Amino acid sequence: MSLDRSAEVPVAPEIADQAVRWLVELQAGADSDSMRHAWERWRQENPEHERAWQQIESVNRRLKDLPGALSISVLAGARKGRRRSLKLLVALAVGGGAAWTAKDANLVREWMADYGTKVGERRTIDLADGTEVVMNTDTALDVKFDGTNRVVRLIRGEIMVTTAPDRQSPARPFLVDTEQGRMRALGTRFSVRLGEAGSGVAVFEGAVELRPADNPAATLVVPAGRQATLIRDGYRDLAALDESSDAWTKGMIVASNMPLGVFLAELSRHRPGRVVCAPEVARLRVSGTYPLSDTDRVFAAIERNLPIKVERFTRYWVSVKPRQPS
């Protein structure tokens, strides 16, 4: 008995692009008898056209199920990001609409985020209420203000938030949401960084209330000068604030007897590609203040000061190894 593997074969990008454009046109109010006949002819011209259409319809259904009701009709009517939306839909259709995963959902959120930064980029945005948000490298976030709340959802990366008194309604709380839970600002300046272990929160002024997603009754107020990690069922790592943890907002990385492996992992967030550190040198210690805007200069500096060799195979692959005796 043979199995139909057609659903596992990616759709050609150019055909997926055609399918996306047909769906956008049909759902953007341009539907007419002549257009519908042309769309039906296109589907019948080639079996791959029909397969692409089925996949993009599957993507459309799954988008509608996502939080925020991200549907094709919404994307088609958006005043900004239309080209980005189309590219996203093509990417999902090429990948196969039938196999929807959490990774796909995250991809949608990241591509459709209200604000974003590239690797190595930092950006400052001023919100409608006067709050300032500084975005670190490779960060994506959404902003939603309504009559009840002021909400920033951090999808990826790291932000520094300096809240301001609400210009419209002093009673609206300022909230930062992540996958792990919710942070409520209590007149404050604080940072939030998404990581594999949870959402790291560092409070520089005021205080921040943490509310875990799976245990909302277990709140914790983190005061100025402290930091903690919010996880889905609680929090951990409550400790004194690392005073240099906001150095990235000034375009710097500050190391004080930091293991080289940890230092390089942090540095790699600010340059495209991959940085590999050999285990033999990962425990060497690094101290100093280094500019994030010129990571090649940083590599040159640590190579002069430590018994290491920095090898560049391409601009996107850097390997740090022990220096061989001359």
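View 1. Buried denotes under 20% relative accessible area, exposed over 50%, and partly exposed the range in between (1.4 Å probe, protein chains only). The model is predicted: local features need pLDDT of at least 70, side-chain atom pairs count only at pLDDT 80 or more, and totals for chains, interfaces and linings use all residues. Residues are numbered from 1 along each chain as its sequence is written, and side-chain values use heavy atoms, with hydrogens and water left out. R232 is placed in the loop between β11 (226-231) and β12 (234-240); strands are DSSP runs of E of at least two residues, helices are runs of H or I of at least four, and both are numbered from the N terminus. Neighbours within four places in sequence aside, R232 contacts (heavy atoms within 4.5 Å) E179, Q180, P212, A213, D214 and N215. A polar atom of the R232 side chain lies 2.5 Å from the backbone oxygen of E179.

**View 2. Q180 in the loop between β7 (174-178) and β8 (181-195).** Q180 counts as buried, at 11% relative accessibility. Its side chain is joined to that of S199 by a polar contact of 2.5 Å; such a contact is a pair of N or O atoms within 3.5 Å, where within protein one must be able to donate a hydrogen and the other to accept it, and residues adjacent in sequence count only if both atoms are side-chain atoms. Residues up to four places away in sequence not counted, Q180 touches L194, G198, S199, P212, A213, L230, I231 and R232.

**View 3. The buried and exposed faces of α8 (295-305).** T295, V298, F299, A301 and I302 are buried in α8. These residues lie on the same side of α8 because they cover an arc of only 165° around the axis, the arc being that of the directions from the helix axis to the C-beta atoms. Exposed R297 and R304 are carried on the face turned away from the buried side. The cover over the buried residues includes α7, β14 (274-277), β15, β16 and β17.

**View 4. The largest nonpolar core, of 28 residues.** A nonpolar core is a set of buried Ala, Val, Leu, Ile, Met, Phe, Trp, Tyr and Cys residues joined through side-chain atoms within 4.5 Å. L260, F263, L264, F299 and I302 have the most contacts inside this core. Apart from it lies another core, of 23 residues, including V133, L154, V208 and L220.
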